[in-house]
Amino acid sequence: SKYDLLTVGECSGVTIEEAKKYASSDNSELNMVFQFEHMDLDGDEHGKWTLKPLSLPDLKENLSKWQTGLEKAAWNSLYWNNHDQPRIVSRWGNDSEKYRALSAKMLATCLHLMQGTPYIYQGEELGMTNYTFTDVEELNDIESKNAYQTLVRDTKVYDKETMLAIISRKSRDNARTVMQWDSSKNAGFSSGKPWFRVNPNYLTINAKSQVNDPDSVFNYYKKLISLRKEKEIIVYGSYELLCPEDENIFAFTRTLNNDHLLIICNFTDKELTMPYELEEMVRKASSVLISNYKDASKLLRPYEALVYCY
């Protein structure tokens, strides 16, 4: 194209073969597509309206299918959050005070070290969390209101408390609370009345408190972005999944010519022993490219993310 632009298709239900046609490097339709398969993995017979936990092997299988399926044929869009998805740190991370920042950094590492273009949704780079809804009247999202009517009032599948817990985990309204700029009124979003509610944790989770903090989620995202600009292997390297059946660890390699990266992410709040396959690779590593812990350990700590050069 003679124009300096980027095109992205929001393609719900798209297959690998269709994505190759829409976003092929040899054609001119789109630069990349958004697919939604990984966002449906923690659903059940009630769709998204469930507290069913994520199966990590399922997530690894799905994302790996897209990584290898589009390699050298088309381009991946990488995302955890958008305007229709709840906050990832509350969904597949851990939004407790103890682990929020660590798990937000881990999830960012896992995504940004894959092949494709990472998307950062407003507040994701701060580790913004879901909102805890205590009454259906707090909702604005029509999808959530209709689900409450159907599953609580009409069919009585859930009681009120259970459904509100599910909504607090899965509702689109979680992504639509106002951006948390600082600790002033309305999180610095507006001097007037915001269109939607403010998450009460804006007093501690906000941009102003993180910009100058070298250990913040915000500055960790900056490091990941810088690495993608510095290291061709992160952009162009081939992908290979390791330990596919492991229920706690997401590990994969990136390879470009003679350069190799090993990415290990602990998706749990437990200390884990490194699987033998990974331990052998770690022994051969020359350095740690990035990690969300400051020091080293023989164990894989809760929500630890490690990227090795080897």
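Entry 1: I began with Lys160, which forms a salt bridge with Asp135, their closest N and O atoms lying 3.7 Å apart. This pair joins distant parts of the chain, as Lys160 sits in helix α6 and Asp135 in the loop between β4 (117–118) and α5, 25 residues apart. I noted that the model is a predicted one. Lys160 is partly exposed at 32% relative accessibility, and Asp135 counts as partly exposed at 26%.

**Entry 2: the helices nearby in my notes.** I then looked up α5 (residues 142–154) and α6, whose axes come within 11 Å and cross at roughly 150°. Angles over 145 degrees count as roughly antiparallel, so α5 is roughly antiparallel to α6. Their crossing is right-handed.

**Entry 3: other salt bridges.** I found a count of 15 salt bridges. One of them pairs Glu37 with Lys65 at 2.8 Å, N to O. Glu37 is in the loop between β2 (32–34) and α2 (56–69) and Lys65 is in helix α2, so the pair ties together parts 28 residues apart in sequence. I also checked Arg283 and Glu280, whose side chains meet at 2.1 Å, N to O. These two are three residues apart in helix α10 (residues 276–283), so about one helical turn separates them. Arg283 is exposed at 57%, whereas Glu280 is partly exposed at 27%. A network of salt bridges links Lys48, Asp84, Asp141, Glu143, Arg172 and Arg176.

**Entry 4: a nonpolar patch.** Last, I looked at the surface, where Trp181, Phe189 and Trp195 form a nonpolar patch with about 370 Å² of accessible area together. Trp181 lies in the loop between α6 (160–170) and α7 (207–211).

Conventions:
Residues numbered from 1 in each chain as written. Predicted model: local features only at pLDDT ≥ 70, side-chain atom pairs only at ≥ 80, totals over all residues. Heavy atoms only, no water. Patch = residues over 30% accessible without salt bridge, like charges linked within 9 Å, V, L, I, M, F, W, Y side chains within 5 Å. Areas by Shrake-Rupley, 256 points an atom, 1.4 Å probe, with all protein chains shown as cover. Salt bridge = Lys/Arg side-chain N within 4 Å of Asp/Glu carboxyl O. Helix = DSSP H or I, 4+ residues; strand = E, 2+ residues; numbered from the N terminus. Axes fitted to C-alpha atoms, helices over the stretch in contact; angles between N-to-C directions. Parallel < 35°, antiparallel > 145°, perpendicular 65-115°, else oblique. Left-handed = near helix turned anticlockwise from the far one by under 90°. Buried < 20%, exposed > 50% of the residue type's maximum accessible area, 1.4 Å probe, protein only.
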